[in-house]
Amino acid sequence: MSWWKYLCILLMIYVYTGGILMPIPRQPILYETARNLYFHVPLWFAMILLLALSVWHAVQYLRSGKTDHDLQSVELANTGLVFGILGFVTGAIWGKYTWGSALPQDPKLLSTEIAMLIYLAYWVLRGSFRDDQQRARISAVYNIFAFAAFIPLTIILPRLATDSLHPGNGGNPGFKIYDSDHSMKLVFYPAIIMMMLLGYWISTLRIRYRRLLAIVEE
Amino acid sequence: MQEVSALIEKEIRLEWRQRYALNGMLLYLVSTIFVCYLSFRQKAGHLEPITWNTLFWIIQLFTAVSAIAKSFTQERAGRLLYYYSLASPLGIILSKMLYNTGLMLLLSLLGYVVYAFVMGNPVGDPGMYLVAIGLGAMGFAGTLTMVAGIASKAENSPTLMSVLSFPIIIPMLLVLLKLSKNALDGIDRSFSTDEILTLLALNAIVWVLSLILFPFLWKS
């Protein structure tokens, strides 16, 4: 097992115990729900990383034509989608008890809803081909095209609607103010690295499974 | 360049020979607007500006999807193979995108006239609104032509066309709504420069990306 997997396990133990037990600043409304920050936000970071890697493999596939890149691209996108759904659910539960609504009109929510729609469409697209080569090539093209249309969205949307419920937008203060004594950073930053490693690890397992499946089928 | 203009001429001729397709699109547009008019009944002339604007762009979006969906499917596979041997993929996609831009301009201007006639015209700054329509036509044509190319390769392409294109086109649609709302309210034009620049940037991304990616699509 390579070193980063051990790191991931260590960070997981740290984040899950530290995230639940370590002291956090008391904030009105949020109180102990602020601990969700450790799990909700890193899920998004991990999703963006996985999707970006998926697009990178899509580009590599178009350049080289090796099916292995296609395989990696799909599995990274799948894990990214799962992480996106988890991030969405954790956010909805959090929002229900702090903002009063599980699904408020919020630019950041909108952009993730769209990202999920894109990757669900990607799934449907892949399902509608019989020829492997064609499926790989055309879904790679769509993957790149959609990702390039999605990234500006994350920049544009917050500018269009100046008021977001998320910290750091509109009238809301950034998270720095909540985390006045930096105690949350101690868990938050490791949590981001942990989620990214975990997401990549899950994807590599799926990729290995698919490679073996391909060998068995041959 | 010569290749592109020849291909555009071919598209126009093809359209002219199959006039029923063009007429169908025009009728689709007009009847959609008429359905909206009837659905709102007496209220049609007094819609809230924001409803007026949103309804207009949604009609535009659906017309664009159904008009552009056929860009790759109206010709038979054998004919496409023939073009493949004659022209470069860049020429093909560029000509299709330019032609679709023209088509969309025509459809959306006509749509605007009919819509304003039927539903009342609360637009405060028509010049700016036309700029929004122009940028919208360009953006819709660019995005949807590429998606039509992708969808045409798959089975059940009509459904796939909307499923694939809606999430991609939402950013553009949102900025367009903002820009046209500014024009609708007739506020000073300097407030809209931000939106216009964003739209131009989005258009540039989509067009350049289509030109880069289309050759891979065309190969199959």
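Start in chain A and select residues 7-25, 37-56, 76-97, 109-129, 141-161 and 186-203: an unreviewed UniProt entry annotates these as "transmembrane region". UniProt positions follow the numbering used here, feature names are shortened, and annotations may be inferred rather than shown by experiment. Before going on, a word on what you're looking at: this is a predicted model, in which local features need pLDDT of at least 70, side-chain atom pairs count only at pLDDT 80 or more, and totals for chains, interfaces and linings use all residues. Residues are numbered from 1 along each chain as its sequence is written, while chains are lettered from A and ligands numbered from 1 in the order in which they are written.

How many helices and strands does it hold? There are 7 helices and 0 strands (DSSP runs numbered from the N terminus: H or I over at least four residues for helices, E over at least two for strands). Of its 218 residues, 37% are buried, meaning that 20 or more other C-beta atoms lie within 10 Å of a residue's own, with C-beta atoms placed from the backbone (12 or fewer is exposed, in between is partly exposed).

Time to bring in chain B. Its side of the meeting place has 25 residues in contact with 23 residues of chain A; contact here means C-beta atoms, placed from the backbone, within 7 Å. Which helix of chain B gives the largest share of that side? Select H7(B), which supplies 10 residues.

While you're there, click B:Lys178, which lies in H7 (residues 157-185) of chain B. It counts as buried because it has 20 C-beta neighbours inside 10 Å. Its C-alpha atom is separated by 21 Å from that of B:Thr101, 77 residues away along the chain.

Last stop: select H1 (residues 2-17) and H5 (residues 89-119) of chain B. Their axes come within 9 Å and cross at roughly 50° (axes are lines fitted to C-alpha atoms, for helices over the stretch in contact, and angles run from 0 to 180 degrees between N-to-C directions). H1(B) and H5(B) are therefore oblique to each other: angles under 35 degrees count as roughly parallel, over 145 as roughly antiparallel, 65 to 115 as roughly perpendicular and the rest as oblique.

Notes:
Two residues are in contact if their C-beta atoms, placed from the backbone, lie within 7 Å.
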